[in-house]
Amino acid sequence: MTEGVFGRESGHEQVVFCQDPHSGLKAIIAVYSTALGPAIGGTRFHPYATEREALDDVLALSKGMAYKNALAGLDHGGGKAVIIGDPATLKSETLLRAYGRFIQSLGGRYVTACDVGTYVADMDVIARETRFVTGRSPDNGGAGDSSVLTAFGVYQGMRASAEHVWGTPELRGRTVGVSGVGKVGHLLVRHLVEAGAKVLVTDVAKTALDRITLAHPEVEVVVDAEALMGERLDVFAPCALGGVLNDDTVARLRAAVVCGAANNQLAHAGVEKLLEERGILFAPDYLVNSGGVIQVSDELHGFDFERARRKVTSLFETTKAVFELAAAEGVPPVTAADRLAERRIAEVPRLRSIFTG
Ligand SMILES: NC(=O)c1ccc[n+]([C@@H]2O[C@H](COP(=O)([O-])OP(=O)(O)OC[C@H]3O[C@@H](n4cnc5c(N)ncnc54)[C@H](O)[C@@H]3O)[C@@H](O)[C@H]2O)c1
């Protein structure tokens, strides 16, 4: 048998290709697993060069969501969707509504949310055609911008990392370098400043730097991410794009901890071992940045910010549990995180074998 589109080890439950020529919609919805409940994950709107590239991306992203949701303790499987095209020119009411109808046709097996290229306002439009959408505006019963609790979750992961390394979760007096002060990075800096940390920041966008120095004049601006990684830091917090940790950057990095919001920080498999060899504790990105999905999934029960915030606070304990398992099993924290997620994905559905009458 050939590998087909799924690839050798994909294991996905369902992949749906959606097309509406009139609006220009071309989307792929991938459901990796519904073992823990309806799959949840955002919609990425991106000008992929080829459909193959879009498919590879959605397959990888949906698998990542299954692990993230499992580790976050949610009753949700993992899914993700991509819309192919340039959102700046292609996005329209009819395209988003057509997309919403395809989501509705899956009967709740997939619940969407915002991702790169889609925003709260887009979710409101999609919601006119489907119930299975989160990340809507507060006016429409939604949780709004998910970066609020994403940043709070990263902060909790950082406190747990500090406790693991220095024996106290206190970040007062620690030097933290934040690369990327967009939606999440900006809010993370606020938590850090309030906690009494010394904060260094960098960003490629002058507007983002202007905003952060206006809000927090005490932060120090560094010229770029490379320079920031060369600084003597206690914690490096990547909050821009993925792939920032590679053989070269890890060799130069002078920090005891890496803990940030960016997805897929490890450029390739094996970097987690380099970090370990250099004595740098890596808080798994997909664990500490799960505050956003915890926030939006709460919407399905009628959004309650305080309830969602309490759930995100528990990332402190989960991060500690991951470090403890890593130490006990002699593996890097990302491997321990994967194991915990896989355990939950395997164990919880097994309970359905108990007949409940
Ligand atoms: N927003 C969320 O709820 C959420 C949830 C989970 C994960 N994440 C991840 O966190 C990261 C940040 O998300 P965001 O919502 O804050 O995005 P954002 O676009 O608001 O912010 C990203 C910032 O990084 C800056 N940047 C880009 N390239 C850079 C570089 N080379 N060096 C320094 N800065 C650079 C951008 O100018 C921007 O200010 C992303 O990787 C995202 O996938 C976000």
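The buried residues of helix α14 are L315, F316, T318, T319, V322, F323 and A326, where buried means that 20 or more other C-beta atoms lie within 10 Å of a residue's own, exposed means 12 or fewer, and partly exposed falls in between, with C-beta atoms placed from the backbone. Helices here are DSSP runs of H or I with at least four residues, strands are runs of E with at least two, and both are numbered from the N terminus. This is a predicted model, in which local features need pLDDT of at least 70 and side-chain atom pairs count only at pLDDT 80 or more, while totals for chains, interfaces and linings use all residues. Residue numbers start from 1 along each chain as its sequence is written.

The buried residues of α14 pack against α1, α5 (147-166), α11 (285-288), α12 (291-298), α13 (305-313) and α15, with contact taken as C-beta atoms, placed from the backbone, within 7 Å. The 15 residues of α14 (residues 315-329) should span 21 Å at 1.5 Å a residue, and the end C-alpha atoms are 21 Å apart, which agrees; the expected span is 1.5 Å times one less than the number of residues. Just after α14 comes G330, with a positive phi of about 65°.

Helix α1 (residues 51-71) packs on helix α15 (residues 333-350) at an angle of about 80°, their axes 8 Å apart. That makes α1 roughly perpendicular to α15. Axes are lines fitted to C-alpha atoms, for helices over the stretch in contact, and angles run from 0 to 180 degrees between N-to-C directions. On the α1 side the contact is made by A66, Y67, A70 and L71, and on the α15 side by A337, D338, L340, A341, R344 and I345.

V184, G185, H186, L187, L188, V189 and L192 are the buried residues of α6, and their cover includes α5, β7 (175-179), β8 (198-202), α7 (206-215) and β10 (235-238). After α6 comes G196, whose phi is positive, near 90°.

Most residues other than glycine have a negative phi. N264, however, has a positive phi near 50°. This residue sits in the loop between β11 (257-258) and α10 (271-277), and N264 counts as partly exposed, with 15 C-beta neighbours inside 10 Å.

Two exposed positions round out the local picture. P138, in the loop between α4 (120-126) and α5, is exposed, with 12 other C-beta atoms within 10 Å. A88, in helix α2 (residues 87-90), counts as exposed with 9 C-beta neighbours inside 10 Å.

Overall, the protein has 15 helices and 12 strands. Buried residues make up 50% of its 357 residues, and the C-alpha trace spans about 55 × 50 × 45 Å along the principal axes.

Key: Angles under 35 degrees count as roughly parallel, over 145 as roughly antiparallel, 65 to 115 as roughly perpendicular and the rest as oblique. Two residues are in contact if their C-beta atoms, placed from the backbone, lie within 7 Å.
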